[in-house]
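Please keep the structure in view while reading.

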Protein chains: 2
Amino acid sequence: MKKKEIDTVKVFALGGVGEIGKNMYCVEIDSEIFIVDAGLMFPEEEMFGIDIVIPDITYLVENKERVKGLFLTHGHEDHIGGIVYVLRKLDIPVYGTKLTNGLVKEKLGEAGMLGRVDLRTIDSNATVEFDTTTVSFFKTTHSIPDAVGVCFHTSQGAIVYTGDFKFDQTPIGNNGSDIGKMAQIGNEGVLCLLSDSTNAERPGYTGSEREVGLEISKVFYNSEGRIIVASFASNVHRIQQVFDAAYETGRKVAVVGRSMVKVVDIAYNLGYLNIPDGMLISLQDVDNYPEKKVTILTTGSQGEPMAALSRMARQAHKQISIRKGDTVIIAASPIPGNETSVSRTIDLLFRAGADVVYYGEKKVHVSGHGSQEELKLMLNLMKPKYFLPVHGEFRMQKAHARLAQDVGIHSDRIFITEKGEVISFTDGEAKPAGKVPAGNVLIDGLGVGDVGNIVLRDRKMLSQDGILVVVVTLGKEEKKIISGPEIISRGFVYVRESEALIEKSTDIVRTIVEQSIKEYSIEWSTLKQNIRELLGQFLFEKTKRKPMILPIIMEV
Amino acid sequence: MKKKEIDTVKVFALGGVGEIGKNMYCVEIDSEIFIVDAGLMFPEEEMFGIDIVIPDITYLVENKERVKGLFLTHGHEDHIGGIVYVLRKLDIPVYGTKLTNGLVKEKLGEAGMLGRVDLRTIDSNATVEFDTTTVSFFKTTHSIPDAVGVCFHTSQGAIVYTGDFKFDQTPIGNNGSDIGKMAQIGNEGVLCLLSDSTNAERPGYTGSEREVGLEISKVFYNSEGRIIVASFASNVHRIQQVFDAAYETGRKVAVVGRSMVKVVDIAYNLGYLNIPDGMLISLQDVDNYPEKKVTILTTGSQGEPMAALSRMARQAHKQISIRKGDTVIIAASPIPGNETSVSRTIDLLFRAGADVVYYGEKKVHVSGHGSQEELKLMLNLMKPKYFLPVHGEFRMQKAHARLAQDVGIHSDRIFITEKGEVISFTDGEAKPAGKVPAGNVLIDGLGVGDVGNIVLRDRKMLSQDGILVVVVTLGKEEKKIISGPEIISRGFVYVRESEALIEKSTDIVRTIVEQSIKEYSIEWSTLKQNIRELLGQFLFEKTKRKPMILPIIMEV
C-alpha cells in the first residue's frame, strides 16, 4: 500500500447522519476529494408532493476539479439512488462491484447517460491508486450481494467506511464477510472508522438469511394452492431461496412487477441468481399450470398501492387476482413509515381469501444490518483510533457511540456529526473543522431543488383546510365593483352544504372592497390583506378551519 | 337474573371492527336497543385536515325511541371519545364506572352538556334491569383503572362484550380481573362473545404493569439529575408507579400538560391516585429544588409536536427546557402512525443533552391488551357458543378467529363482521341478517360530516402539487379579453424560479380564450375544460407535476 506522507485528512457526511437514507460520505486527503456512495432518501411525511430527496452537493461542485472518484458500497437506493443527479454535475470515475454497477447501468440508461459515465468495475481484492492514497475494499454481508466496505490508506492510518453490513455465519451463496481482511486492516492501524448504526439499538445478533429460507421452504412444503411471494427486488439471496424452495417442491415461478423483473434479469445475467432451465414461466401462462405448481414472485412488500401485490389483492391487476386457496408470503418487514400501507395490504389479502404469512407472525424476514454484538465485533476488528457512527437518526448514532465506549473507545474520540460537519485529522489527531454546505435537495417531478419551504408550507396549509379564491373585478374609471366578488372553494367544504357560508363570505368581501373604494384608498396589498384577515376570522368563527384565502383583484 | 323469554337478539358493531378505534357495539333485544361504548378514531394518513372520526349512528337516530342506554367499559378515547356527538342526537341514560364517568363529565362539561345528561355510576357488582334483559358487569384489567366487561343476560344465553382487557397476575392497586365471575358467566351459558383482538397476533402473555414500575424505579434510583417522565395521561397505574418511585427516592413531582393535569386531578379526587401530602409542586417552583429532587410528569409520549415534552425538548416551553443531566423516560410505545414523531422527539431530547430511556431499549411500557394466551383464557372462561372477534384490523380479527378455533370453537360459529353487519340470534341459533348503515363520520373543526370524499380528494391533490388559479375577465359587449389572463400559483413552484413557465402558461390560456371567442362559442364549461386540459398537459410536460388548475372567468 502506498502511504505517501500527507498533511490533512478531512472526513464528513453530506447525507446519512441524523437520518436514514441518502448516504454520502466524503474523504478529503490534502487536495484530493473522494466520495463514497450517492444515495437518495424517500420524502418524510410533511414533504408534501416530493418524490425523492438527495444530498446537497454544493461543496463538491464548487471543488469539482479536486474530486477524484465515487466509490459505491452496494446497490441499494439509499446508497446509489442519487447517482444520476451527482453525475450530471461531476465528471468523475465511478467504482463499484459487478452487481452494483449492473444496477447503476440500468439507472444511467434510463437517464440517457450510459455512454457518458466512466464506470469501473472492481472486486473486493482490487486496489485503486491515487496521489494521496490507495483505496482497498473488503467484502461484507448485507441484504444484497456484492457489498463492500471501503478503506482509504494514508500515512496517518486508514479511513474505513463499512457500508451497510451484518455478520452472517451461515450466509447464502458467496455472501460471507471477509473477517480476516477486516482484522488485517485493523492491525495495520485505523485512524477513523465510519460504521453503520441502523440497528445500534437492537441487542444481540441479527438473524441469518438462512432462517428466512427455512421458513419460506416450510410454507412451500405445506401449501396446496398457489404461492405468491413479495420481497424487496434487490434481496437477491432471498429471491434465490424462493427459487430454491420452488425447485424443491416442483413449482414454476412467474416474476411480476417492474423492479422485480429488472433485478432478477440483471442478477441472473451477471451470475448472482441460479435459476434452473424451464423454471421461469410468464404470467400469462400461470393458469395453464395446476395451482400447486405455481409460484408468483412479486414486488409490493411495502404495501405500495400501485405495486403488483396490492393490485392483485384488490383485484385490480390485469393478469392475477388473489383468491381463496392462495398463500401469500410477505418476505419483508415494513420500512418505518410504511406500516399502515403494509397493514392495509395484509388486510386486503386476507379479505380476498388468501392465507397470509407475514413478519411478526413468522420469521420471513431478517434485517440486513448488524445488531449490537455485530457492531461491537466490527469495532473490535477495526480497533479505530477515532469513531464516527453513521447511518441513522441521532439516537441510533448515540446508541452506537455507547457501544463504542463499551468496547473501550474514549468518548473524546467519538464524533456524532451532523451533515456537513467536518472532522479534520493532522498528525493522527482529530478535531472538528467547521462545516461545508449540506442539506436536503427536494426533487418533485423534473424539478431539482425548486420546491422549498414556502411551497411546502403552502401545500401543507392547502392539505389541511383547502383554499378559497376570492375574485373581484374593479372598474378603473367607475371606481366600483364591476364583477364579483366571486368565491370558489376547493378542499374546504362541500359548496352545496355551505351555500349560506359562501354567500355571507361574499357579502363580507363586498363590504371590504366598497369601504376601501369609498375611502379613496385602493391600495391593493392592504385591500388583499384585509380580505384575508376579516374573511379568515369569519370563517374560523363559523367552522374552526383556516383555509388559505387567495384574493385576486382584476382591474378593467 | 331476569330472563324474560325473548324472540330475537341482534348484535352488530358500528365501529371497532376492521379498524382500530371508534368502538361502538349494539345489542338489540326484541324491541330494545343497547349501545356499548362510543369511541372516536384519529384520522388516517390520507384524511387530510380531519380532526377526529366517529361512527355513523344513523340507525340509532332513526330508532331513537328504542335505544335504552349507553354502557361504557372504560375511559379511553377510543371508547368514550365520541360520546358528545352521540348524546347530542340521543337522549339516553349513560352507565359507567366512577373513573369512566369522571372523565366523561369533563367532556360533557367542555361541551356545555353536563346538566342535560343522565349519567349513572355503576360498579362491577351492579345489575341494571330492562324489559328484555338484565345487564351485569365484570372487572377487567386494562391500562386505565375501573375497566369492566358488559354482559346482557337473555333467555337465549348471555351476550358478553369484554371491552379492552389483559390478565395481569401482579396488577397495580385494585386492577385485577374478576376471573371467578367470568367463569360463572361462562358456566351459565354465553350465547355470543365479543372479545378484544388488538394483540391477537402476539404470541404468549403481555407483560405485567409491575415490570414497568420496576424499570421506572431503577431509573429513579440511578439518576442524579432531573427526571422527566412522559406517559399516557390515562394510564393511572403507571402514573401511580411514577409517584411511588419519586416517593421512594425523595423526589417532588410537578405535573405538566393539559390532559395530564386534568387526569391526575380527576383520578386523585376520585381516589384512584395515592399522592402523599406535599409531594406535588408547581412547575414554577421546580428550580427551587435541587435537580435530584425533581420529577416532571408530562404528556407528549407520542411525540405530538405541541405537547409539553416536545416543546421542552426544542426549548419552546415557557417554564422547562431539557438540558444536560436530565433523564427522560418515555413510558409508552408509539401508537401505529406515531412512530416518526416519537422518533423525532427522542432525537431532540438526545440533542438537548438528556439521557433518554425509551421503549425498545428498556421495558418502560407494556400493552394494556392481552396476547394470544390471554385471549384463549378468556375464550375458555366464557365458553361462548358463538364468537365475534372485535377491536382490530381484519387481520387481527382473523388471527383471533384462529385462536378461537384452536380452543375448539368451530369456524361456522365464528363471525368476522364488517361495520353494520348484523348477526341475529333466534332460538339460540345465529345467522347473518343484513346490514344497518355504518361508516365514518369525519369531524373537521366544527363541521360534523361536511367533509366527504370530494373535499378530501381536493385536499390530497392540493397537497401533492398545489394549485394554479387562472383568472380572465371578458367583456360581454366587446367580446374580448378585458383583463388577464392572470395566473397565481400556490404550492406549485416558486414563482421567481418559474417566471418563464408562468409567462408561457399565460400565453397558452390567452390563445385558448381568444380562439374560443373567435369561434363565437364561449361555452364556459367547455372553455374551462380546455384550459384545464391544455394547460395541464403543458405543465406536466415541463415539470412532471399535476397541480390543480382552477379557471375563473369573470364577465363585465
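At what angle do the axes of helix α10 of chain A and helix α12 of chain B cross, and within what distance do they come? In this predicted model, the axes of α10 (residues 339-351) of chain A and α12 (residues 394-406) of chain B cross at roughly 55° and come within 8 Å. Angles from 65 to 115 degrees count as roughly perpendicular and those under 35 as roughly parallel, and α10(A) and α12(B) are therefore oblique to each other. On the side of α10(A), the contact involves Ser343(A), Ile346(A), Asp347(A), Phe350(A) and Arg351(A); their partners in α12(B) are Phe394(B), Arg395(B), Lys398(B) and Arg402(B). Sorted by class, this contact of α10(A) with α12(B) comprises five charged, three nonpolar and one polar residues.

Helix α5 (residues 179-188) and helix α11 (residues 372-382), both of chain A, have axes 7 Å apart and pack at an angle of about 50°. The pair α5(A) and α11(A) is therefore also described as oblique. Here Met378(A), Leu381(A) and Met382(A) of α11(A) meet Ile179(A), Met182(A), Ala183(A), Ile185(A) and Gly186(A) of α5(A). The contact of α5(A) with α11(A) has seven nonpolar residues and one polar residue, with no charged residues.

The relation between the chains remains to be described. Chain B is superposed on chain A by a rotation of 180° with 0.0 Å of shift along the axis, giving an RMSD of 0.1 Å. This is the relation of a two-fold axis. The same surface serves both copies, since 100% of the contact residues of chain B recur in chain A. Within chain B, the residue closest to the rotation axis is Ser463(B), whose C-alpha lies at 2.4 Å.

Terms used. Residues numbered from 1 in each chain as written. Chains lettered and ligands numbered in written order. Predicted model: local features only at pLDDT ≥ 70, side-chain atom pairs only at ≥ 80, totals over all residues. Heavy atoms only, no water. Axes fitted to C-alpha atoms, helices over the stretch in contact; angles between N-to-C directions. Helix = DSSP H or I, 4+ residues; strand = E, 2+ residues; numbered from the N terminus. Parallel < 35°, antiparallel > 145°, perpendicular 65-115°, else oblique. Contact = heavy atoms within 4.5 Å. Nonpolar A, V, L, I, M, F, W, Y, C, P; charged D, E, K, R; others polar. Least-squares fit on C-alpha atoms with pLDDT ≥ 70 in both.
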